[in-house]
Amino acid sequence: MQRNVGSQKQARRMRLKSEILDYVSNNPNCTAGEIVAALANDRRMKNHGLTPRKVGFFIPRYCKEILWNQDSSTGKRVYALP
């Protein structure tokens, strides 16, 4: 019996991608810290080990739809959909 290799990892990645896209579409101009707080607390994704740094690396790699600008006052990346 052969199983798909990495299917749980792929499922987690797809869920995280859809949750991030959903949050950014409802809350434009948000930071990675705000995304992590919303996903961990509101969407109950506490066991995923999310940090702002991980989300900051995840978005450019897997969420090509999301654009970011650098906030001039804080120096943080601000994410939004076009």
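**View 1. Phe 58, a buried residue of helix H3 in a predicted model**. Phe 58 has a relative accessible area of 11% and is therefore buried (buried means under 20% relative accessible area, exposed over 50%, and partly exposed in between, with a 1.4 Å probe and protein chains only). The residue lies in helix H3; helices (H or I, at least four residues) and strands (E, at least two) are DSSP runs numbered from the N terminus. Leaving aside neighbours within four places in sequence, Phe 58 is in contact with Arg 13, Leu 16, Lys 17, Ile 20 and Cys 63, where contact means heavy atoms within 4.5 Å. Arg 13 and Phe 58 are 45 residues apart in sequence, and their C-alpha atoms are 9.3 Å apart in space.

The model is predicted, so local features need pLDDT of at least 70 and side-chain atom pairs count only at pLDDT 80 or more, while totals for chains, interfaces and linings use all residues. Residues are numbered from 1 along each chain as its sequence is written, and side-chain values use heavy atoms, with hydrogens and water left out.

**View 2. The largest nonpolar core**. A nonpolar core is a set of buried Ala, Val, Leu, Ile, Met, Phe, Trp, Tyr and Cys residues joined through side-chain atoms within 4.5 Å. This core has 18 residues, of which Leu 16, Ile 20, Ile 35, Leu 39, Val 55, Ile 59 and Ile 66 touch the most other members. Helices H1 (7-26), H2 (32-42) and H3 (52-62) are the elements that give two or more residues to the core. H2 provides the largest share, five residues.

**View 3. The crossing of H1 and H2**. The two axes, lines fitted to C-alpha atoms over the stretch in contact, come within 11 Å and cross at roughly 115°; angles run from 0 to 180 degrees between N-to-C directions. H1 and H2 are therefore roughly perpendicular to each other (65 to 115 degrees; under 35 counts as roughly parallel, over 145 as roughly antiparallel and the rest as oblique). The contact is made by Leu 16, Glu 19, Ile 20, Tyr 23 and Val 24 of H1 and by Glu 34, Ile 35, Ala 38 and Leu 39 of H2.

**View 4. Asn 29 in the loop between H1 and H2**. Asn 29 is exposed, with a relative accessible area of 57%. Its phi is near 60°, a positive value in a residue other than glycine. Most residues other than glycine have a negative phi.
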